[in-house]
Amino acid sequence: MDKKPEFHGSDLEKIEEYYHIPKEEIVCFSANVNPLGLSETVRQKLCSHLDVICRYPDRAYTSLRQTIGAYCGADPAHIVVGNGSTELISLLISQRAPKKALVLGPTYSEYARELSLVGGSMEYYHLREADDFVLDIDDFLSHVTGEVDMVILCNPNNPTSSAIPREDMKRIIAQCSKQGVFVMIDETYVEFAPDVQAVSAISLVPAYDNFMVIRGVSKFFAAPGLRFGYGITSNQTFLSALLTHQNPWSLNSIGAFAGEEMLKDTDYIQRTRALVSKERAKMLARLAESSTYKTYPAYANFILARIQKEGVTSFDVFEKAIHQKLMIRDCSSFQALEGEYIRFCVMDPADNDRLMDCLLDV
């Protein structure tokens, strides 16, 4: 039997080659990028300030760190800027070099790749479908044993779209602090949450120095090509070590300039949150009317759905959608998602309606 192809969120070229559908005609529900696209305000300011490439960025990114601090309520002295969140994840893991990491799964595969590069072992703690992918804090903490020296959490999590509330995260960080365990929290999707402050761990940074929050602009600000990310921690010793090993001018001049403008664009931020909140609720409501799918509480800009119709696989639904030029994520490649799952993000209202009509016709 032929092996079914696997496609990830950015694999439009592979889709085009395999299905002979021009990539420009595909509505991508699998990349989890803000459907508003790049802020028009940022676009205009970039066009009129392209001469920033003629000079080096400030090596300390002083102004950018101040803007980040104002945006998310953090001390600029606790902030490091990087070439996307991916660089900061890599730097964090390489500098901490954990012997054993406990990773909340199923989740983003990049964590496992980076851990393998430093030769550390890894244990997954998998969220349970029976609990609607809501973390059992007490049970999770029982797995933070003496062998574990790092905990890795994506919050809200990809692909489940579930979230750990800030107060529960505080319990995790506090216990890990007592045990000498460092915590990495990837908040790539937190800005899409209905209540950002109720989920984000940034307000805990002054009180605990055993964790770092990492964010980027790829998803919420629709700028994956900009490669701008930032990390926040109050552990000055670790922060200094990280900066020592980071390449100078890691973020280019355009990234530094555009990053500041993005975080100041309050109109864009408000419109994004309003659109995602309204459309996410509408999509969940439509799926709830069908016995074909089971959905779960969603905090990110995407929804995970389990296919409950006998004989229908995630690949079947993926192909039905792609033939209508709608690309969703077949979640069969995610570790420990036992069953048939699909994931799709919030796009513009008309495309969301098209996708719902397609999924409900399965």
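**Exercise 1.** Which strands and helices do the buried residues of H13 pack against?

Solution. The model is predicted.
Step 1: locate the helix. H13 spans residues 349-359.
Step 2: list its buried residues. These are Asp351, Asn352, Leu355, Met356, Cys358 and Leu359. They lie on the same side of H13, because the arc they cover around the axis is only 160°.
Step 3: list the partners. The strands are E1 (27-28), E9, E11 (326-327) and E13, and the helices are H11 (266-288) and H12 (314-322).

**Exercise 2.** State the strand order of the open sheet of four strands, and name its edge strands.

Solution. 
Step 1: the order is E9-E10-E13-E12, and the pairing is antiparallel.
Step 2: strand E9 (293-295) and strand E12 (329-330) each pair on one side only, which makes them the edge strands.
Step 3: Three bridges join E9 to E10 (residues 302-307) in the antiparallel sense. Opposite Arg306 of E10 stands Lys294.

**Exercise 3.** Decide whether Thr67 is buried or exposed, and give its contacts.

Solution. 
Step 1: Thr67 belongs to helix H3, residues 62-72.
Step 2: buried means under 20% relative accessible area. Thr67 has 9% relative accessibility, so Thr67 is buried.
Step 3: leaving out residues up to four places away in sequence, Thr67 touches Glu260, Leu263 and Lys264.

Terms used
Residues numbered from 1 in each chain as written. Predicted model: local features only at pLDDT ≥ 70, side-chain atom pairs only at ≥ 80, totals over all residues. Heavy atoms only, no water. Pairing = 2+ DSSP bridges. Helix = DSSP H or I, 4+ residues; strand = E, 2+ residues; numbered from the N terminus. Contact = heavy atoms within 4.5 Å. Axes fitted to C-alpha atoms, helices over the stretch in contact; angles between N-to-C directions. Buried < 20%, exposed > 50% of the residue type's maximum accessible area, 1.4 Å probe, protein only. Arc of directions from axis to C-beta.
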